[in-house]
Amino acid sequence: MLSRQKIKGKSPEEKMKSNGFLSNITNWFRHMTFWKSVFLALVAAGLYSTVVRFLFGLGAATHLSDDFPWGLWIGFDVLCGVGLAAGGFVVASAVYVFNLDQYQAIVRPSVLTAFLGYVLVVFALLFDLGRPWNIWHPMVMWNPHSVMFEVAWCVILYTAVLALEFSPMLFERLRMHRAVHAVHKVIVPLVILGVMLSTLHQSSLGSLYLIVPEKMYPLWYSGNLPFFFFISAVAVGPAMVTIESFISSRAFHREIEMPILSKLGKVSAVALAIYLVLKIEDILNYHLAPYLSTFNLEGVLYWVEILGGVVLPMVLLVIPKVRESKRGLFYTALLIVSGFVLNRMDVSITSIERYYSQFGVNYFPSWMEISVTLMIVAVGFGTFAWAAKNLAVFPKEVHAEAPAHAESYEVVVLEDNAQLKSAHTFGMEAK
Amino acid sequence: MKKQVGILVDTTQCIGCMSCEEACADRWGFPHTEVHELSCEKNTVVQQWGGTYVPRLCMHCEEPACASVCPVGALHKTAEGPVVYDESKCIGCRYCMQACAFQIPKYQWNKANPHITKCDMCFERTENGKQPACVEACPAQARIFGYRDDLLQEAEKKIKENPKTYVQHVFGETEVGGTSTIYLAGVDFSELGFPPSLPKRALPQYTLDIMEKIPDYFVWGSTLMAGFWWLTNRKKKVAEYEEQMREGKPNAVASEDKRQIAGGKDEK
């Protein structure tokens with residue numbers, strides 16, 4: 001297979017030298033685009049809130065209070081952040097543990113997203129923790145009864161595992177071939193460890209809420225919370241990988257790995273089906289029928305979550321025509337992700353809001369909380385874009401096929417769906 | 001096991017003089033205010049619910065949710081009974097506040113280096129055989145300090161002797177597995193701002209159900225995964241071997257697989 005250097009003509013090191021780091025940055029600012037200015041605006045707003053948060057405390061920057069101690073930063077940044085990074089362990093286990101080689105092409109973007117996701121979750125946690133400089137305490141001050149202690153350890157270890165899984169991309173760029181080889185030797189046990197740790201802390205994020213049966217709205221409290229959290233993470237992981245492939249295919253003018261993504265869609269469909277069965281069991285176990293027929297805020301949100309985020313995407317994924325079409329798969333993935341985010345926000349905020357409203361508190365995040373969250377999301381997008389450009393994230397074949405004419409190639413693809421579809425059917429038949 | 005101490009609060013006796021609030025504020029070095037809500041500057045308050053004065057303070061649960069959820073063990077239940085807090089360990093995650101069924105731990109929201117505040121039953125006083133400041137200050141015997149077992153008997157006796165004064169319920173005897181602060185009242189506790197539907201089961205048990213399974217899960221899960229790897233890897237190897245045997249008559253499927261396998265190996 002052709003190496004990256006041969007295609008580009010210059011080695012990355014040579015490029016770095018000829019351009020220089022500083023001129024790279026000035027270039028970045030000189031070629032201002034719409035998305036770059038959005039990025040800068042979000043980061044600027046977020047930095048302002050950061051200053052307020054760390055100078056004057058959480059009370060000054062957030063709408064949190066004694067009667068509502070956990071808000072957007074736990075509900076979205078942590079619960080959703082960790083969940084949306086689940087593609088990493090789903091795809092890595094498919095390739096390395098189950099030896100499903102056809103997913104090889106998307107291992108790297110998935111692992112990269114997962115790694116970035118976890119680093120950003122820890123970064124976000126620094127805002128939410130009242131004493132972030134003590135974040136290392138769980139490593140030496142143990143309380144094995146605490147779910148959060150377990151989550152902390154799993155996140156520390158799994159981030160380390162992800163860093164190792166991700167490291168070949170960096171080592172290749174630095175031409176440290178022996179290091180790449182060393183990582184590949186231990187990749188299987190590494191991935192197995194990663195899967196174990198992911199399963200544990202994905203589910204444990206649900207277990208965090210097991211201790212508040214008296215506070216949560218009955219529609220969301222369940223002894224099955226850890227299983228719900230885990231299975232929905234398995235469903236959302238492939239959906240995130242799909243969305244990311246679509247966005248990056250647009251941004252970097254590369255072809256989408258449709259046959260692989262359609263297959264991955266089936267993983268989501270199965271996970272959603274199991275999730276739905278468990279949810280129905282929940283309705284029977286906890287006698288939720290009266291709450292389901294009450295169309296208050298909670299009732300409506302619950303129905304939206306189940307119908308829009310579980311049943312509808314599951315049905316859509318079962319239909320081959322939808323699953324194998326670019327647009328169909330993209331919008332289905334979007335449904336799964338939205339349903340997932342809604343679920344996490346419901347568990348962490350909506351379900352507890354009614355309980356706390358008896359103290360006269362109705363939580364809605366402050367603009368500063370939102371701006372910090374948006375800044376973190378923007379940094380995530382920015383870092384992914386940088387890595388995708390500078391590291392060997394995407395499969396090499398794609399670059400080799402059309403390095404110079406990528407842009408025109410993409411236009412052809414977008415305009416001629418029929419041709420593309422026939423290409424897919426051919427790909428499917430070949431297998 | 002040591003005999004545990006506790007506080008019996010008799011809401012029918014409280015006269016709302018706020019002496020306890022003042023004694024508590026002095027003990028912690030908090031300002032005296034007229035706001036009767038627990039906060040980072042109030043570890044005990046007297047609230048008015050209907051015609052009843054209700055002193056509030058940490059319940060010092062037998063199995064405290066706050067201590068069980070704290071990732072760094074900054075909160076713990078002492079052998080003597082009080083639930084105490086070690087500021088130097090705290091990371092400020094506020095899981096204790098989220099988990100507490102009685103909204104007791106409070107947070108310094110407007111400090112850059114905040115910590116939690118909560119009643120510790122004047123641990124350094126009770127350790128040395130003295131009474132908590134609030135109990136000592138109470139002129140009406142609305143707060144009684146003693147061994148929890150004795151206080152429970154005392155409460156039962158009071159109810160038996162004055163069945164018209166008291167409702168037949170010692171709050172904290174069984175709620176969330178029992179608490180070291182227990183209450184007597186003349187009206188239903190739900191009318192005095194107490195959480196109405198608390199389980200009898202200690203709250204940490206709800207998580208322990210799951211946490212207990214983790215070591216087993218880890219051992220069996222990783223074994224299973226390793227087994228899957230072995231099986232699928234062998235299948236792949238066999239397929240590769242068979243393909244080699246068939247060499248000379250390639251077909252579309254085999255060549256595609258071969259390319260993928262080669263692609264996978266090329267990563268090395």
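1. Helices and strands here are DSSP runs, a helix having at least four residues and a strand at least two. On that basis chain B has nine helices and nine strands. Chain A has 22 helices and zero strands. The model is predicted.

2. Chain A has 431 residues, with 55% counted as buried.

3. Contact range. Take contacts between residues at least 6 apart in sequence. In chain A, 79% of such contacts join residues at least 24 apart. The corresponding share in chain B is 58%.

4. Surface make-up. The accessible surface of chain A is about 18800 Å², and carbon and sulfur atoms supply 72% of it. For chain B the figure is about 13200 Å², with 54% belonging to carbon and sulfur atoms.

5. Next, the interface. How is the size of an interface often given? It is often stated as the accessible area lost when the parts come together. For chain B and chain A, the buried area is about 5800 Å². Carbon and sulfur atoms give 60% of that area. The contact involves 72 residues of chain A and 64 residues of chain B.

6. Polar links across the interface. Between chain B and chain A, 30 residue pairs are in polar contact, with both residues at pLDDT 80 or more. How many salt bridges does the rule find across this interface? There are three. One of them pairs B:E87 with A:R131, where the closest N and O atoms are 3.9 Å apart. The cut-off is 4 Å, so this pair qualifies.

7. Which elements of chain B supply at least two residues each to the side that touches chain A? They are α2 (65–69), α3 (95–99), β6 (106–107), α7 (204–211), α8 (214–245) and α9 (252–266). The most comes from α8(B), which gives twelve residues. By type, this side of chain B divides into 35 nonpolar, 19 polar and ten charged residues.

8. The buried residues are B:P204, B:Y206, B:T207, B:L208, B:I210 and B:M211.

9. Backbone check. Most residues other than glycine have a negative phi. A:H253 has a positive phi, near 50°. This residue lies in the loop between α13 and α14 (258–285) of chain A. Is A:H253 buried or partly exposed? Its relative accessibility is 29%, so A:H253 counts as partly exposed.

10. Chain B also has a residue with positive phi. B:M121 has phi near 55°, and this residue is not glycine. B:M121 is placed in the loop between β7 (116–117) and α4 (123–126) of chain B. The relative accessible area of B:M121 is 1%. Buried means under 20%, so B:M121 is buried.

Methods. Residues are numbered from 1 along each chain as its sequence is written. Chains are lettered from A and ligands numbered from 1 in the order in which they are written. This is a predicted model: local features need pLDDT of at least 70, side-chain atom pairs count only at pLDDT 80 or more; totals for chains, interfaces and linings use all residues. Side-chain values use heavy atoms; hydrogens and water are left out. Buried means under 20% relative accessible area, exposed over 50%, partly exposed in between (1.4 Å probe, protein chains only). Contact means heavy atoms within 4.5 Å. Accessible areas come from the Shrake-Rupley method with a 1.4 Å probe; for residues, only the protein chains shown count as cover. Buried area is the accessible area (1.4 Å probe) that two parts lose on being put together, summed over both. A salt bridge is a side-chain nitrogen of Lys or Arg within 4 Å of a carboxyl oxygen of Asp or Glu. A polar contact is a pair of N or O atoms within 3.5 Å; within protein, one must be able to donate a hydrogen and the other to accept it, and residues adjacent in sequence count only if both atoms are side-chain atoms. Ala, Val, Leu, Ile, Met, Phe, Trp, Tyr, Cys and Pro count as nonpolar, Asp, Glu, Lys and Arg as charged, and the others, Gly among them, as polar.
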